[in-house]
Amino acid sequence: MKLLQREWREQKLLTWLSAGLWVFISAFLWSPSRDGLEAIYALAFFIPMLLVLLWRKPEFHQYGGWFSVSALAYATWSCMTSLRGDGTGFLILQLFILASWLLGSAWVLHKKVPDLNKLLQWFLWLGAATALVNIAVFYASHPLAARLEGITIARAPTLVGQVYGVVVLVGILLSWRIDCFKCALGISLVCIPALAALGLSQSRGPLLALVVVLAIGVFWLRPARKILLVQCVAALLGLVVLFLFFPLDQLLLERGASLRDQIWLDVIAQMRAEPGLFLWGIGMGEATDIMTSAGEYHHAHNAWLDIFYRTGAIGLCLAAVHLLLLLWAARRHLQLAPLVLWFVYGCACLFVDSRSLFWEIDAKWLLYWVPAALLAALMSRAATNAPLVAKSKIITG
């Protein structure tokens with residue numbers, strides 16, 4: 001029977017998984033809830049990937065090499081710290097889910113060369129469409145001064161800003177990668193709905209992260225001056241319109257640091273009260289609430305501080321090893337610039353929001369684990385002298 005033949009079975013699963021991987025990534029834009037996203041992941045990737053991984057011997061470069069090793073070392077330590085608290089079973093499940101994503105995406109992209117430009121273009125178009133729907137639905141029942149909330153997995157305004165910031169970033173980087181001015185201009189126009197969603201979310205962290213990462217991109221990628229000039233002029237005109245029609249001093253400035261500074265100071269004070277926490281942290285658990293003088297919060301509003309608080313210097317160093325290993329290796333791969341800058345943008349956003357990186361699937365995966373896995377997979381592929389990505393033409397409509 002063909003079903004008993006590993007080669008035949010893997011080929012059929014590869015077809016499913018290569019589509020399932022991109023369906024899962026796109027679901028961060030349209031899934032109605034986190035439960036929905038987890039179901040999509042289970043059916044599109046996790047379960048079929050287990051049918052592959054459980055029947056194959058480990059092959060270092062096919063499974064992400066040292067990138068996967070360093071990521072899973074951090075996740076394993078995070079899981080071990082839960083032994084001092086509760087939720088160990090929950091975190092073991094998250095370890096299997098993360099391992100399946102990292103190892104599985106590496107195997108899929110090793111076996112099937114991706115058309116990265118084309119896939120990023122469809123991500124941009126889908127992001128623009130969902131942004132328009134989200135804006136129309138929300139402001140049909142809210143005043144225009146209200147912070148835009150999401151109707152998908154990204155519910156909170158900050159999450160809306162983070163997710164659509166990724167869409168804007170991808171679109172602008174795509175516009176810089178082609179010589180045709182009209183094509184670049186067309187792609188820039190597609191970014192407008194996502195940019196509007198980012199602005200209407202009134203989220204300063206994602207907006208600042210986007211500006212910083214685009215500045216890095218200008219120096220690294222050296223885009224054509226003509227399209228860069230048009231984009232800068234359009235951005236300035238957009239700011240003028242915002243200042244004329246919206247009370248930005250009230251919407252953005254009067255919120256101050258939104259109590260983040262107080263939360264950070266209280267978290268550090270709790271660690272100073274018990275110096276041992278600096279080394280191993282309070283331990284991970286299924287509950288992540290933090291009591292501060294400003295109230296009770298679900299996390300430290302800084303993923304890196306949250307990692308330090310829960311898993312100590314050991315966990316933070318392991319997370320830093322994974323991050324720096326990816327960035328150090330990626331500096332040589334100009335073809336992967338959109339993924340590298342996506343990853344940098346996500347890391348910047350996580351400085352002012354989110355809990356520990358090791359957690360169940362949620363919106364922050366789009367900021368960190370999605371670009372991290374894609375980068376690791378493609379750079380591991382390059383280590384075998386295989387082509388990084390397939391060549392494609394830009395889609396302009």
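This is a predicted model: local features need pLDDT of at least 70, side-chain atom pairs count only at pLDDT 80 or more; totals for chains, interfaces and linings use all residues.
Me: Which hand is the crossing of α9 and α15, left or right?
Reply: The crossing of α9 and α15 is right-handed. As for the term, a crossing is right-handed if the near helix is turned clockwise from the far one by less than a right angle, and left-handed if anticlockwise. Helices here are DSSP runs of H or I with at least four residues, strands are runs of E with at least two, and both are numbered from the N terminus.

Me: OK, back to α9 and α15. What are the distance and angle between the axes?
Reply: The axes of α9 (residues 204-221) and α15 (residues 337-349) come within 9 Å, crossing at roughly 145 degrees. Axes are lines fitted to C-alpha atoms, for helices over the stretch in contact, and angles run from 0 to 180 degrees between N-to-C directions.

Me: Which residues meet there?
Reply: From α9 you have Pro206, Ala209, Leu210, Val213, Ile216, Gly217, Trp220 and Leu221, and they meet Ala337, Val340, Leu341, Val344, Tyr345, Ala348 and Cys349 of α15. Contact means heavy atoms within 4.5 Å. By type, the residues of this contact are 14 nonpolar, one polar and no charged. In that count, Ala, Val, Leu, Ile, Met, Phe, Trp, Tyr, Cys and Pro are nonpolar, Asp, Glu, Lys and Arg are charged, and the others, Gly among them, are polar.

Me: What about α14 and α17, how do those two cross?
Reply: The axes of α14 (residues 303-330) and α17 (residues 369-382) come within 11 Å and cross at roughly 50 degrees, so α14 and α17 are oblique to each other. The crossing of α14 and α17 is left-handed.

Me: And who touches whom?
Reply: His322, Leu326, Ala329 and Ala330 in α14 meet Trp369, Ala372, Leu375, Ala376 and Met379 in α17. That contact divides into eight nonpolar residues, one polar and no charged.

Me: Staying on α14, is Arg310 buried or exposed?
Reply: Arginine 310 sits in α14 and is buried, at a relative accessible area of 4%. Buried means under 20% relative accessible area, exposed over 50%, and partly exposed in between, with a 1.4 Å probe and protein chains only.

Me: What does Arg310 touch?
Reply: Leaving out residues up to four places away in sequence, arginine 310 touches Thr81, Arg84, Trp280, Gly281, Ile282, Gly283, Met284, Thr288, Ile290, His298, His299 and Ser356.

Me: Where's Ser70, and what does it contact?
Reply: Serine 70 lies in α3 (residues 65-81) and counts as buried at 9% relative accessibility. Beyond its neighbours within four places in sequence, serine 70 contacts Leu318, Val321, His322 and Leu325. His322 also turned up in the contact of α14 with α17.

Me: What's around Thr88?
Reply: Threonine 88, in α4 (residues 88-111), touches Cys79, Ser82 and Leu83, not counting residues up to four places away in sequence. Threonine 88 is partly exposed, at 23% relative accessibility.

Me: Which residues of α8 are buried?
Reply: In α8 (residues 192-200), they are Pro193, Ala194, Ala197, Leu198 and Leu200. These pack against α5 (116-139), α6 (157-176), α7 (181-190) and α9.

Me: What phi does Gln202 have?
Reply: Glutamine 202 has a positive phi of about 55 degrees, though it is not a glycine. Glutamine 202 is in the loop between α8 and α9 and is buried, at 8%.

Me: And Arg222, buried or exposed?
Reply: Arginine 222 is exposed, with a relative accessible area of 62%. Arginine 222 is in the loop between α9 and α10 (225-245), and its phi is positive at about 50 degrees.

Notes:
Residues are numbered from 1 along each chain as its sequence is written. Side-chain values use heavy atoms; hydrogens and water are left out. Angles under 35 degrees count as roughly parallel, over 145 as roughly antiparallel, 65 to 115 as roughly perpendicular and the rest as oblique.
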